[in-house]
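Subject: Model handover

Hello,

Here is the model for you to look through. My notes on what turned up follow below it.

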Amino acid sequence: MDFTFLGGMFANLLKGLPLTLNFWVLSLLGGGTLALILNLMRTTRIGNAVAAAYVFVFRGTPLLIQIFMIYYGLAGFGFVRQSFLWPFLREPYWCGLLALILNDAAYTSEILRGGLRAVPKGAVEAGRVSGMTRFAILRRITLPLAFRQALPAYSNEVISMLKATALVSTITLMDMTGIARAAISETWRAVEILLCAAAIYLAISLLVTRFSAWFERRLSPWQFGRTTP
Amino acid sequence: MTDAVETKAVGPALSITGLRKTFGANEVLRGIDLSARDGDVISMIGASGSGKSTLLRCIPMLEIPDAGTVTVGEDSLSPKGARLTRAEEATARRMRGHLGFVFQNFNLWTHRTVLQNVIEAPLFVQNRSRAEAVDEATALLEKVGLAEKRDAWPAHLSGGQQQRVAIARALAQRPRAILFDEPTSALDPELVGEVLKVIRSLAEEGRTLLIVTHEMGFARDVSSRVVLLHQGQIEEDGTPEQVFANPRSDRARAFLSGHFDRTR
Amino acid sequence: MEFGDLALLGFGPEGWGKVLVRAGLMTLAVSVAAFLFGLGLGTLVAWARIGGNAVLRRLAEAYVVVLRGVPDILVIYLFYFGGRQVVTAIGTGLGFEGPFDISGFVAGMLAIGLISAAGQSEVLRGAYQAVPKGMVEAGRVVGMTRLTLFRRVIAPQAMTTALPGMGNQWQSVIKETALVSVTGLVETMRQVSVAAGTTQEHFLFYAAGAAIYLCITTVSDQIFRLAERRSLRGHPQGGM
């Protein structure tokens, strides 16, 4: 057990943590927003078809291909190179972020859709019959119930996105995985380096699991055998 | 009078001695002694929580009693621990083969048709031939009035129909005794009658039946014996006349007056 | 031309069609191998979590937590680079010389299989717990042995619940095989990358790759839906 090596390795890998966290949080925020928009689109027929096609493509293909498509593929188009977006789309950071956002949006929109479907019709009817406006029903009944239903699936998605950020290392970005790859080609002590990196990811995902369990219990105490909030 | 039922001239069909069972802090059974001869039709009545269902479930070891012995025919089991050992489990299985059990919630196998439900145990537990099992099953389904539903799925039947299938399923085992755990409690009132009719006909055939029930009128009319359970002990054990008309204990009197239609 | 010369996708002398099809088949091969491995291992892990003693259960739980908390690409790297390290150590230990290598296929199959096993064990465990206890009791009370009970009651009932989850797992496996490209194995992802790099027609070939994956996932989806419908016979529409 070469502790000096391991210690140095951990310090080295943690330098990539800010970038990993950056991708993770921003992709969840961007993906979540886009997911809400996608679900709103589903209320119209054309919007529904577009949203369905979007989800089909982004859930049916690997994230890696989506990343490469955006980073390498878009660069081949003249109109892209000349647009105002080019300064962004030529940078691996923005390409990677865009790919992660688009990918997360597809999965999150389905999770949201499932949550909304699970809201009991009776609860909505009770709201209508007590005179609530449609907006009030959405805000006070539908969304809170949908959110609680979607929480377990969404916490899985949150962890999935953490793991997904590791793929940006394939387009030269130095997140934790990128640093690990570089370290491997320098020292060839692959197993130790990879185990260090894995441990860091694991620690973060365990925190997420803990937090989401706590959050679920707080939001729905009656489901866990507690009689008072 | 009895058909396809093993009757032994010696020994009771079923007997229980010293049965005790505790769930957590709750002592549900506090020493039960009960025995049933062939041809007995015993109704078990009592308040909720009196332990009647637990007692019934202990017989085929669906619940493992903490103390006591259960004897079915020639097999006897006194479980020692919270889980059955392999040897005890083998004995329990043999005992179960001689007992038919009808659940409150029918518990039909929803992934099998009605006929398949009835032949399942004969085929896969008793290793009878398919032809024999199907013939007998068809006859049993006719007996409970569901011959035309033999290829239906349980989910498409009413509660009363499902329960009758469950009874046919129990009969298909050719059991020495049939145990009924509140067979009509989960049924809509208008479906209760058809199930009670089938149970009554079984009693009239001379079969050995143990019925946990809330149907007092039925218990009085059909049983040869009534057992009243209160807080884990047998309060009364006698003929229907003895128990319903002349209960000996105050508790029995209180229970019966609360549950019985006085005008009958 | 902006979208790329479609002839490049064809089967002619300039066309990459043939190698793309081969790569697609390789994707299928790795997927099937990994999924089946995951199924076997996942069943063991689920069994350990359900019926094992305390130690086994803890181990199985830890396994699932770890494999679900670590990025797939790290696991693949681990098996690939790590595998090479192990094989090299063994090889030099035994006195052999020269660069040692491990097949990308094997590394990928093991890595993805291990990851999939964690997910599949959760699906199987959930399906087992969803079997109505009443039906299991009905089986026990007629005297079924544990094996018969499993075969005739638990497994058929659990399958209905398990199929959608297993379908998802299969879809995940297909997409994860794209990551095996980092080992150099010529499956779809690698092949389209090579083609794109060679011809500089990036968009065309990545689109082609996406199409290949969409084909595989769509056909798989249809098959699983068919299986789900068949296993639901006897259930009233919309559950029990």
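Buried area here means the accessible area, taken with a 1.4 Å probe, that two parts lose on being put together, summed over both. Please bear in mind that this is a predicted model.

Chain C against chain A

By that definition, chain C and chain A bury about 3100 Å² between them. Carbon and sulfur atoms carry 78% of that area. The contact draws on 33 residues of chain C and 37 residues of chain A. Three residues stand out on the chain C side: Leu74(C), Lys175(C) and Tyr206(C) supply 18% of the area that chain C buries against chain A, more than any other three residues.

How many salt bridges link chain C and chain A? The count is one. Its partners are Asp72(C) and Lys163(A), whose side chains meet at 3.9 Å, N to O.

Four helices of chain C each give at least two residues to the side that touches chain A: α2 (54-69), α3 (72-94), α7 (188-199) and α8 (202-231). Of the elements, α8(C) gives the most, with 10 residues. By class, this side of chain C has 20 nonpolar, nine polar and four charged residues.

Chain B against chain C

Here 24 residues of chain B touch 22 residues of chain C. The two chains bury about 2200 Å² between them, with 58% of it on carbon and sulfur atoms. Trp109(B), His111(B) and Phe124(B) supply 25% of the area that chain B buries against chain C, more than any other three residues.

There are two salt bridges between chain B and chain C. One of them joins Arg152(C) to Glu120(B), with the closest N and O atoms 2.6 Å apart.

On the chain B side, the elements giving two or more residues are α2 (86-97), β6 (99-102) and α3 (114-124). The residues of that side divide into 13 nonpolar, five polar and six charged.

A hairpin in chain B

Strands β1 (14-23) and β2 (26-36) of chain B pair in the antiparallel sense over eight bridges. Leu19(B) has Ile32(B) in β2(B) as its bridge partner. Two residues lie between the strands of this hairpin. In the turn, Gly24(B) has a positive phi of about 65°.

Best wishes

Terms used: Residues are numbered from 1 along each chain as its sequence is written. Chains are lettered from A and ligands numbered from 1 in the order in which they are written. This is a predicted model: local features need pLDDT of at least 70, side-chain atom pairs count only at pLDDT 80 or more; totals for chains, interfaces and linings use all residues. Side-chain values use heavy atoms; hydrogens and water are left out. Two strands pair if DSSP finds at least two bridges between them. Contact means heavy atoms within 4.5 Å. A salt bridge is a side-chain nitrogen of Lys or Arg within 4 Å of a carboxyl oxygen of Asp or Glu. Ala, Val, Leu, Ile, Met, Phe, Trp, Tyr, Cys and Pro count as nonpolar, Asp, Glu, Lys and Arg as charged, and the others, Gly among them, as polar.
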